[in-house]
Amino acid sequence: MTAASSFPSELWLEIFEWATFYPDAYATSYKPFCSTAFSETQPTCRDTAISCSLALVCRLWHALVIEFLYRDVRIGYGQSTLKGALCDEQGYGKFVRRAVLPFQYTSTPTWNPAPLPSVEILKLCNRLEVLIRPRSPPLSTVSQQFQFDAESLPLPSLKRLEWNYNLDAEHSGGINSLGATLQNAPNLQYLSIGSVPRVPMIDFRKVSLPFLETLALSSLSGQLMHQISYRWDLPSLSHIVLGAVTVPDVSCMWDKYGAQIKSLELGRHASFLVRDVITPTLNICPHLEELNYHIFFTLPPMLHESHESIHTVGFHSAPNLMFPSDDTWILLEKHFEILEYLTSLHTVRLFGDWSQIVADPRFATIFVKLRENGCQVVV
């Protein structure tokens, strides 16, 4: 370690930042097909493990890497140890930017006047930017009881919230309630809601999020759509991600936010083959600039007139095993045919594995036509 010790500390900090930072886990802007509303966030656990390994190399590296080690914390076992580290004289709480808080650690099985240890930990993270409430494990594996009210706390620095619904926890309020948490996070820019239940969720709270730009929903239910449309105020909302829809018509949401939506993404779900979501969206959202969806899980829109606002379309090639090969090509060709109605289109982006499709001679005709119309194809 003699040669390594002679390196400037600033250089080591740059190296450690590069080795441990996973930007998608902290992103507050929209990126196509990167929503975590439908999946677990495993890459950050890997980065935390890297920070732990670096901290064990030597005293110098431990001192340098400590801010990266505490940048991402998971609240669970060993809460007293974590709390002690965050509130000691070193003040490691100032380093925390992202926290994962499972619902089992905010359960309230008995009445206790003392604050929940997990909430006390959050209070020490006064620069927290990202909060994750992950999907709850099966009740058979983890005991979760929400019999009494949970504590609430202000989250003024929070920019990104990834929330997986837990209906039992929701009734206890505070940090377990989505509505209460949103009211305490006025500077939120990115909201991801997963595990949306089919049973009605009634929340009469008014929510105002003046800076929220991206809203990602694992499923759009009728009750959730009603809340977003009539009880939420989202003046900066520009990007919407829908993982699935369980309502026959989403125009209720477009009536309120259609004039400000710039991009729409549809998930890999058969519900978009049952109902056409794209056509009414194009008709009601005059400033929609970008459209991203899974080409084999989405009905081709029924367009009869040109639309001038769309300039970018993203197609994801995730396979749909319901279709035989010939039907797959029919569906694919119909999706590319409707691009002729998008008169301002200049970029078509292909996500996923397109190697077999691009190698098929039939795709050459599609590609030539796109190029003749002035479209750039980005794989």
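Phe33 is found in the loop between α2 (9–20) and α3 (42–55) of this predicted model. Phi of Phe33 is near 55°, a positive value in a residue other than glycine. Most residues other than glycine have a negative phi. Ser195 is another non-glycine residue with a positive phi, of about 55°. Its place is in the loop between β5 (190–194) and β6 (207–208). With a relative accessible area of 28%, Ser195 is partly exposed.

Two strands are joined to β5 by bridges. β4 and β5 run parallel and are joined by five bridges; Leu161 has Leu191 of β5 as its bridge partner. Strand β7 (residues 214–217) also runs parallel to β5, with four bridges between them. Here Ser192 has Ala216 of β7 as its bridge partner.

Glu162 is found in strand β4 (residues 160–164). The relative accessibility of Glu162 is 4%, so it counts as buried. The side chains of Glu162 and Arg160 are joined by a polar contact of 2.8 Å. The charged end of Arg160 also sits over the ring of Tyr190, 4.0 Å from its centre.

**Salt bridges**

Side chains of opposite charge can pair when their charged atoms come close. The structure holds ten salt bridges.

| Salt bridge | N to O distance |
|---|---|
| Asp72 and Arg98 | 3.0 Å |
| Glu290 and Arg349 | 2.5 Å |
| Lys369 and Glu340 | 2.6 Å |

Asp72 forms its salt bridge with Arg98. This pair links distant parts of the chain, with Asp72 in strand β1 (residues 72–74) and Arg98 in strand β2 (residues 98–100), 26 residues apart. Both Asp72 and Arg98 are buried.

The side chains of Glu290 and Arg349 also meet in a salt bridge. They too link distant parts of the chain: Glu290 is in strand β11 (residues 290–294) and Arg349 in strand β13 (residues 347–351), 59 residues apart. Why does Glu290 count as buried? Its relative accessibility is 15%, and the cut-off for buried is under 20% relative accessible area. Arg349 has a relative accessible area of 24% and is therefore partly exposed.

Lys369 forms a salt bridge with Glu340. Lys369 lies in helix α15 (residues 361–372) and Glu340 in the loop between α13 (325–337) and β13, so the pair ties together parts that are 29 residues apart in sequence. Both ends are partly exposed: the relative accessible area is 42% for Lys369 and 45% for Glu340.

Salt bridges that share partners also join Glu120, Lys123 and Glu151 into one network.

**Aromatic pairs**

The structure holds ten aromatic pairs. One of them is the stacked pair of Tyr70 and Tyr92, 4.8 Å centre to centre with 20° between the planes. Tyr70 lies in the loop between α4 (59–69) and β1, and Tyr92 in the loop between α5 (79–87) and β2, so the pair ties together parts that are 22 residues apart in sequence. Both tyrosines, Tyr70 and Tyr92, are buried. Tyr92 also forms a stacked pair with Phe95, 6.2 Å centre to centre and 25° between the planes. For Tyr92 the relative accessibility is 15%, so this residue counts as buried.

Elsewhere, ring pairs link Tyr293, Phe315, Phe336, Trp354 and Phe363 into a cluster.

Notes
Residues are numbered from 1 along each chain as its sequence is written. This is a predicted model: local features need pLDDT of at least 70, side-chain atom pairs count only at pLDDT 80 or more; totals for chains, interfaces and linings use all residues. Side-chain values use heavy atoms; hydrogens and water are left out. A salt bridge is a side-chain nitrogen of Lys or Arg within 4 Å of a carboxyl oxygen of Asp or Glu. Buried means under 20% relative accessible area, exposed over 50%, partly exposed in between (1.4 Å probe, protein chains only). A polar contact is a pair of N or O atoms within 3.5 Å; within protein, one must be able to donate a hydrogen and the other to accept it, and residues adjacent in sequence count only if both atoms are side-chain atoms. Rings of Phe, Tyr and Trp (its six-membered ring) pair if their centres lie within 6.5 Å; planes under 30 degrees apart count as stacked, over 60 as edge-to-face and the rest as tilted. A charge sits over a ring if NZ of Lys or CZ of Arg is within 6 Å of the ring centre and within 35 degrees of the ring normal. Two strands pair if DSSP finds at least two bridges between them.
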